[in-house]
Amino acid sequence: SSTVKLPLAAATILELAGDQVLHGWMNQRFGTKTASGRIESFELTARARQFSSFILVIGTMNGPSTLEPKDSIIIQNKDEVLIPLLLEELPTAKEFKDAIKSLSPEQQRFAKAYRSMQLESSVFGICVVQIKPQLEALLSLPPNSLDKEMKLTQDLMELFVEYQVPSDLLSYNGATDDVAVEDKVSNVREHVKSVMEVIEGEKEKHLKNAALNTAMSIEKHIQQDLAHSEQRSGLHDVVNGALIDPRPPTMFYKSATAPARRSGAAKLRAPSGGAQKERFRSVQSSAAPVPRMAKMSAVAAASPGRGTVSQVSQPAPQSYHGRTEHVLADRSSTGVDFTLIPKTLDVAIENNGEGSALRSTIIKTRDTWTRHRQENLLTASKDEVLTTEDLKKEKHKAFDLLDALSRSGSLPIQYSELHVIVALTHCFDKSVMETVICDNVNPIEKLELSTLLLASAIHGVPAREMIKDDGELLRLKGSFPLLLKDE
């Protein structure tokens, strides 16, 4: 009955109206922590089948009904994304009280407020938005009408993500809704075809303009080279009142085979201007090497699209879980405040004598992901490392598509699933064998207690009501009398 807000920007807030599921993750650790205090041995895997797609949004719950997104990515066509997780353990309530008892009252209030924010930020959220059903709702199509329209679905995603085409240009606009499903899909297909033709026309126009600009630039360089060559070959040096003929190198090569002139016997004469110019022009045209740029102009004229595509800029583009209606018994009609669950767990852990072993845990994602992608059906899948910049681009693409699917927030996202995860870590200071032999502690019983505490907070019922077997209830009462006492 409640919805969750997903802010994309300051002016765009999505409304997630799909299912909400609350999960409890009971983790255990034997031995000391790493130097950084984080455990990096877990990862989240997201995989899509061929011709299917969804949007994955990862973040933390911010308040009772807001998911603050950190990362987002579109997963489609057999993509598999591996997301490494970082588990950061918070101090227990007992350790926190021991640490702040020597502080002033003002400092203690600050420390308590900071710990409260830490506990709220430990609520991890994963949202999955199904693209195809939401596309049908966006385009005013009946449910399941795009199940077999694979090419149409891909074209729609391309138009929304790469070109940010408004959905009003693609939606069904028939006079009446009492028409066959095929007619509605055909109407949308015609709209998509019209928009794609406009885009292809603009691409061809850009290609022709780029090819023309390239040809003009090449011709300009050719003219400049010719003018410079003619200027060098002119009669411009005067020695003793006579014009010197600065012949090109090819003329000297030809004259090398001619009979040698006697040194000092020939005098420099100034031939007539017209004959001299005609002579040099004939030599220039027959013997001068062809400039390299002229050859390039011939290639550009033969294939105007080749070599100019780069100049055409494309538009920039082990867990217990339960439904949220069973989380808390005193929940209001507006939904469940997920951020209160870590605080409830903190109090329950302290009251049941496990304050030194159970720690609330913050789940974070690393800045480097791995994606297995198959470019097409005929090639093998390849591994691709997504860096921080790559993740930022993928987030922008996913947000553009979410903005289109929701009409900038005006259309609720009905086909979504929000998975909220609250994590606890039961910490043992020694290894398994040392815990059993040296400390004389049964780790299985300790983990049973921790699991009961977590499950009780997740489902919102007393721990004793969750044990259906009377024999198990009697056994556990002997170990955990405070938790399973009769009311």
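The term pLDDT denotes the predictor's confidence in each residue, on a scale from 0 to 100. This is a predicted model, in which local features need pLDDT of at least 70 and side-chain atom pairs count only at pLDDT 80 or more, whereas totals for chains, interfaces and linings use all residues. Residues are numbered from 1 along each chain as its sequence is written, and side-chain values use heavy atoms, with hydrogens and water left out.

**Figure 1. Confidence along the chain.** Confidence is lowest in helix 8 (residues 292-302), with a mean of 36, and highest in strand 8 (residues 123-130), with 96. The stretch of residues 235-333 has pLDDT below 50, and beyond near neighbours in sequence it has 108 contacts in the model; contact means heavy atoms within 4.5 Å. For the chain, the mean pLDDT is 79, and 76% of the residues reach 70 or more. The secondary structure comprises 13 helices and 15 strands, where helices (H or I, at least four residues) and strands (E, at least two) are DSSP runs numbered from the N terminus.

Figure 2. The buried residues are Ile 131, Lys 132, Gln 134, Leu 135, Glu 136 and Leu 138. Their cover includes strand 5 (53-61), strand 6 (67-76), strand 8, helix 4 and helix 10. Gln 134, in helix 3 (residues 131-138), has a relative accessible area of 0%. Apart from residues up to four places away in sequence, Gln 134 touches Leu 405, Leu 411, Pro 412, Ile 413, Gln 414 and Tyr 415. Ser 140, which follows helix 3, has a positive phi, near 60°.

**Figure 3. Leu 402 in helix 10.** Leu 402 belongs to helix 10 (residues 388-405) and is buried at 0% relative accessibility. Leaving aside neighbours within four places in sequence, Leu 402 contacts Leu 6, Leu 8, Leu 14, Ile 55, Val 57 and Val 129.

Figure 4. A salt bridge is a side-chain nitrogen of Lys or Arg within 4 Å of a carboxyl oxygen of Asp or Glu, and the structure holds 19 of them. Glu 106 pairs with Arg 109, the closest N and O atoms being 2.2 Å apart; both residues are exposed and lie in helix 2 (residues 105-120), three residues apart, about one turn of the helix. In a second salt bridge, the closest N and O atoms of Glu 384 and Arg 371 are 3.1 Å apart. Glu 384 lies in strand 14 (residues 382-386) and Arg 371 in strand 13 (residues 369-373), so this pair ties together parts that are 13 residues apart in sequence. Glu 384 is partly exposed at 31% relative accessibility, whereas Arg 371 is buried at 3%. A network of salt bridges links Arg 371, Glu 384 and Glu 394.

**Figure 5. The salt bridge of Arg 475 and Glu 448.** The side chains of Arg 475 and Glu 448 meet in a salt bridge of 3.2 Å, N to O. Arg 475 lies in helix 13 (residues 470-479) and Glu 448 in helix 12 (residues 443-459), so the pair joins parts that are 27 residues apart in sequence.

Note on methods
Buried means under 20% relative accessible area, exposed over 50%, partly exposed in between (1.4 Å probe, protein chains only).
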